[in-house]
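Dear colleague,

Please find the structure below, together with its sequence.

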Amino acid sequence: MTPETPATLIVLSGHAETLRATWAGQLGGSAVRIVLMDEKAVVRARTIIRELRVPGQRAAGFGCKQLELQRYQFVLNTYLLFATGRRKHILDETGSCVEFSLLRYFVRDFPSFLLELAASGVILLTAYLTLRVRLFAGSRPDRT
Amino acid sequence: MNVAFLRTDFYGHISVGGSFTHTRGFLDGLEQLGHEYLVISSGDLPLRDRRRLQVIPYSTLYRNLPEVLSIAYNRRLIRRALPLLRDLKPDFLYHRHSEFNYASSVLARRLDVPLVLECNGSEVWVKKNWGKVYLERILQMAEDVQFAAADLVAVVSDGVKDQLVRLGVDGNKILVNPNGVDPERFRPNIDSSSVRTKLHLDGKVVAGFIGTFGAWHGVDVLARAVRPTVDRVPNIHFLIIGEGTLRGEIERIIAADGVEAHVTLTGSIPHDAVPEYLGACDLLLSPHVQNSDGTVFFGSPTKLFEYLGMGKAIVASGVGQIGDILHDGVNALLMKQRDHVDLAEKIARLANDPALRERLGAAARRDAVETFSWRMNASRVVEAVKQLKRT
């Protein structure tokens, strides 16, 4: 496989050209095919997986403005599970990059996601009850 | 007065865009008036005095389900901010309203201080019209709690006030407080020769725009206006400053019209560099559009006030508050909203008439200095709080 073998980068936020240049550098000069997609489009599983499954490509990844603030990383890693290519990344404009690891996905990310699901349920229930009580106790605007 | 300023949205570090300009302008205004403040923020802010900033970041646990992270932030913020605020003993809390956040109503009650809620639009409306709404019931309940608990709701325009009144907020506690400008930073005759040289703008008439490419900015109208403007004024050049979700669409329109050579897209630039870039322009553009649901544009674009301060000729649509501030042929030329040909004609008229540019610019500058400044903006809030405390 030559360095010219394309790689696919789905850009969810940030500057596409900066991300292209950053990732191309990390991949050692690969041509990068950019797919622009809104972050909210992560629910479109079939579309995303189709974009990531390019026969013969060297790498696949997601690009964002700031990795630290990028949501849905478990979902993105799940998509990378299905991507073709030997190297799979989530990266940001500053060059921060997380390389997909099958071991980490199953040993760390998946259990963390289950924990997040459980904690989120508690958070939602608590917030709902708190707000109900506060609205019951105080005056509330009359939305019509 | 001692003010606690809360910023609670999930955007991390911000240093560009209208929300940042508004925050920094308001804080600068407080400082100029001799008031003390502490900012408690979910992300970093480039404040001049770092000792006035306490960052309480969002939890990293809730990142894979929509909106839960914002809801979870309430408990974290209350727990961490309460001791800070007990030490600070603020005279009032000033909270920039954000989605799912109701922490400031809890904090204000526990501290027994007035709550000023700065609301730039209902988050329920914003999510429905500019995003995607999840957990709508909780979003609405959180907003209702905040609106009910706020002693004063500061809004940027009559449009936002009307929207909130329709949602049941008591109009008597709403203060309409338009955005402003620092007329010392945004002023005429800034030396922008280095920008003009760097961007190869010498010998061209430069039409500028700055913004975050939001749906309401009308940047697609601006992009479509390039071709007809070039047809009328061959030496025109568009300097488009900023970054945002619609950038790809803008690039596509410009490429399809074959006018790439007449446009420079700078991307984001540091806020401190904005006056120099605006100074490199001969005229400035604000082609805002009405809301997509047919309601009146309710924003108070910070760029507009900065344009006024620069003393440049402006072409703008007269939607919402813009039409209250700009008057056709007096301090700007007004275009028909969403009409790129009309925009092109107005740009061409200004490009070919330096005397008109000068006259409109001088009137714009006068308005910026005499009527709009961040100092006045902060002063209106402080006076309203004093009034609250008297009653």
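**Findings in the predicted model**

In this predicted model, helix H2 (residues 68-88) of chain B and helix H3 (residues 103-111) of chain B have axes that come within 10 Å and cross at roughly 35 degrees. The crossing of H2(B) past H3(B) is right-handed. On the side of H2(B), the contact is made by Asn74(B), Leu77(B), Ile78(B), Ala81(B), Leu82(B), Leu85(B) and Arg86(B). H3(B) contributes Ala103(B), Val106(B), Leu107(B), Arg110(B) and Leu111(B). Of the residues in this contact, nine are nonpolar, one is polar and two are charged.

Chain A carries a nonpolar patch on the surface, formed by Leu102(A), Leu103(A), Phe106(A) and Val107(A). Together these residues have about 440 Å² of accessible area. Leu102(A) belongs to helix H4 (residues 102-137) of chain A.

Over all chains, the whole structure holds 28 salt bridges. One of them joins Glu51(A) to Arg33(A), with the closest N and O atoms 3.1 Å apart. Glu51(A) lies in helix H2 (residues 45-52) of chain A and Arg33(A) in strand S2 (residues 32-36) of chain A, so this pair ties together parts that are 18 residues apart in sequence.

Yours sincerely

Terms used. Residues are numbered from 1 along each chain as its sequence is written. Chains are lettered from A and ligands numbered from 1 in the order in which they are written. This is a predicted model: local features need pLDDT of at least 70, side-chain atom pairs count only at pLDDT 80 or more; totals for chains, interfaces and linings use all residues. Side-chain values use heavy atoms; hydrogens and water are left out. Axes are lines fitted to C-alpha atoms, for helices over the stretch in contact, and angles run from 0 to 180 degrees between N-to-C directions. Helices (H or I, at least four residues) and strands (E, at least two) are DSSP runs, numbered from the N terminus. A crossing is left-handed if the near helix is turned anticlockwise from the far one by less than a right angle, and right-handed if clockwise. Contact means heavy atoms within 4.5 Å. Ala, Val, Leu, Ile, Met, Phe, Trp, Tyr, Cys and Pro count as nonpolar, Asp, Glu, Lys and Arg as charged, and the others, Gly among them, as polar. Patches are made of residues with over 30% relative accessible area and no salt bridge: like charges are joined within 9 Å, nonpolar side chains (Val, Leu, Ile, Met, Phe, Trp, Tyr) within 5 Å. Accessible areas come from the Shrake-Rupley method with a 1.4 Å probe; for residues, only the protein chains shown count as cover. A salt bridge is a side-chain nitrogen of Lys or Arg within 4 Å of a carboxyl oxygen of Asp or Glu.
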